[in-house]
Amino acid sequence: MDRLLGTLGLCMKAGKLVTGEDSVLKAIRGNKAKVVILAKDASANTTKRMTNAASFYKVPLVVYSTKADIGAALGKNIRAVAAVLDEGFSAKIIKTVEEAQN
């Protein structure tokens, strides 16, 4: 499932990713977010806000990995949440998650 983190890194390099709670919420509300990645160890408040927003705006939400791993994949400090803004990258991430669940 490290392919998911690799794909997130590619998204970041391509400029098709936003991170941080406020930026991700803005992308969700603006119908720009195609999929939201949330760290398993995100705070309860962040988890609740992202889950509610993703559900309300019908954006797929993937709970995966840790804040440290997501941050490292993006070449940043810890990151609790990220939103992919590209259809192609989001389709690849969703496919990776579905394959891992089977």
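## The sheet

In this predicted model, 4 strands make up an open sheet with mixed pairing, in the order 1-4-2-3. Strands (E, at least two residues) and helices (H or I, at least four) are DSSP runs numbered from the N terminus, and two strands pair if DSSP finds at least two bridges between them. Strand 1 (17-19) and strand 3 (61-63) are the edge strands, each pairing on one side only. On average, neighbouring strands of the sheet are turned by 20 degrees against each other, direction ignored; the axes are lines fitted to C-alpha atoms, for helices over the stretch in contact, and angles between N-to-C directions run from 0 to 180 degrees.

Strand 2 (residues 35-38) pairs with strand 4 (residues 81-84) in the antiparallel sense over 4 bridges. L38 has V81 in strand 4 as its bridge partner.

## Helices on the sheet

Helix 2 (residues 21-29) packs on the sheet and touches strand 1, strand 2 and strand 4, contact meaning heavy atoms within 4.5 Å. The direction of helix 2 makes about 130 degrees with that of strand 1. Helix 3 (residues 44-56) lies across strand 2, strand 3 and strand 4, and runs at about 165 degrees to strand 2.

## Residue A42

A42 sits in the loop between strand 2 and helix 3. A42 counts as buried because its relative accessibility is 12%; buried means under 20% relative accessible area, exposed over 50%, and partly exposed in between (1.4 Å probe, protein chains only). Leaving aside residues up to four places away in sequence, A42 touches T47, K67 and A80.

## Basis of the values

Residues are numbered from 1 along each chain as its sequence is written, and side-chain values use heavy atoms, with hydrogens and water left out. Local features need pLDDT of at least 70 and side-chain atom pairs count only at pLDDT 80 or more, while totals for chains, interfaces and linings use all residues.
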